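Please look over the model shown here, with attention to its helix packing and one of its pockets.

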Amino acid sequence: MKKPAPRGAARRPKPKPLTIGKLLDEAEKRLEAKEVEFPDASAIWLLASVLDCLEDPDALADRRDEPVSAAAEKRFRKLIARRAKHEPYQYIVGVADFRDKLMEVEHGVFVPRSQSERMCDEIEEWAEGRKRPRGGWRIADLGAGTGALAVSLALGPLAPRRVWAVDVSLQALDLVRRNALRHGVEDRVVPLAGDWMEWTAPRPLFDMIVAVPPYLNPGDEIYLSEESVRWEPMDTFFGEPSGDELLRQLADAAALRLRPGGLFACQLDSDQIEMIDDHINGNDDHPLTLEWVLADEDDDEDGILAVRTG
């Protein structure tokens, strides 16, 4: 039989709930120890998912002293355990931030990158000084994935007539539909099943063709992060028979499908700039003219803009 506590004995105080700030700091240190990419952003997004504030995760910075319930803490620790195994946090929370808009994403579909965000910026800047086509811009997004580029361009200042989001993956096309509906552009973004070269007839139908192709060559696995190799679909990285050859074929195919003055925007690796420049500008008979090379804030070249002449 348990003896009653003596009178006057102090009761053990209940532990205080952890605050948002302490949970974030603790999680970031754990992820850093596991050499996870972007540990601070990972922790914030995962906690935002638990606290139902994915629309504005950065707001947690102003709520650091706010206590977190035991149930929420438990859910958060489970998500951190997944992230510690290098599972991309976008897959865990089910969305990715793209130009300040949430795009649904899931395993089996490529996570949209910041390079694509910058390419959208460049495309819109290019279009500023040009006359809007009669009826509006007609855009094709090749390798649409989640539809982040297609939806973002549909939402932006271009106000296109139509954006065809092309992908061979039915799973990706389902995400395109969901993201277009999520952002209210389902009337302008059209999912289209097709591969890189034969998604439509070789006729000049489009004002812009945007592509994020699998441009890597065999052996380039060494340049991919552990997260990408383990969690993302490899066919979104490696072209057949090689990334270089696919880029050349894609430039040729796009040229036949662009109207005169139309734009071809494509992501690639900095080592491929010289190759694609030689293929396009080194050939006087090629319908495209490479006019801009895109680069990030560190001057790493990662894309091109080429215009259909004549």
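Predicted model: local features only at pLDDT ≥ 70, side-chain atom pairs only at ≥ 80, totals over all residues.

## Helices H2 and H3

Two packed helices are described by the angle between their axes and the distance between the axes. For H2 and helix H3 (residues 70–84), the axes come within 9 Å and cross at roughly 140°. H2 and H3 are therefore oblique to each other, and their crossing is right-handed.

On the H2 side, the contact is made by Ser42, Ala43, Leu46, Leu47, Ser49 and Val50, and on the H3 side by Ala72, Arg75, Phe76, Leu79, Ile80 and Arg83. Sorted by class, this contact holds eight nonpolar, two polar and two charged residues.

## Helices H5 and H6

Helix H5 (residues 114–128) and helix H6 (residues 148–155) have axes that come within 10 Å and cross at roughly 35°. The crossing of H5 and H6 is right-handed.

H5 contributes Ser116, Met119, Cys120, Ile123 and Glu124 to the contact, while H6 contributes Leu149, Ser152 and Leu153. Five nonpolar, two polar and one charged residues make up the contact of H5 with H6.

## The second largest pocket

The second largest pocket holds about 190 Å³ of space. Its lining consists of Ala41, Ile44, Trp45, Leu54, Glu55, Asp56, Pro57, Asp58, Asp97, Asp100, Lys101 and Leu102. By class, the lining has six nonpolar and six charged residues, and no polar ones.

Helix H2 (39–50) and strand S2 (101–104) each supply at least two residues of this lining. The largest share, three residues, comes from H2.

Conventions: Residues numbered from 1 in each chain as written. Heavy atoms only, no water. 1 Å grid on protein atoms, 1.4 Å probe; cavity = no way out; pocket = protein on both sides within 12 Å on 5 of 7 lines; lining within 4 Å. Points joined across faces, edges and corners; volume = space filled by probe spheres on them. Helix = DSSP H or I, 4+ residues; strand = E, 2+ residues; numbered from the N terminus. Nonpolar A, V, L, I, M, F, W, Y, C, P; charged D, E, K, R; others polar. Axes fitted to C-alpha atoms, helices over the stretch in contact; angles between N-to-C directions. Left-handed = near helix turned anticlockwise from the far one by under 90°. Contact = heavy atoms within 4.5 Å. Parallel < 35°, antiparallel > 145°, perpendicular 65-115°, else oblique.
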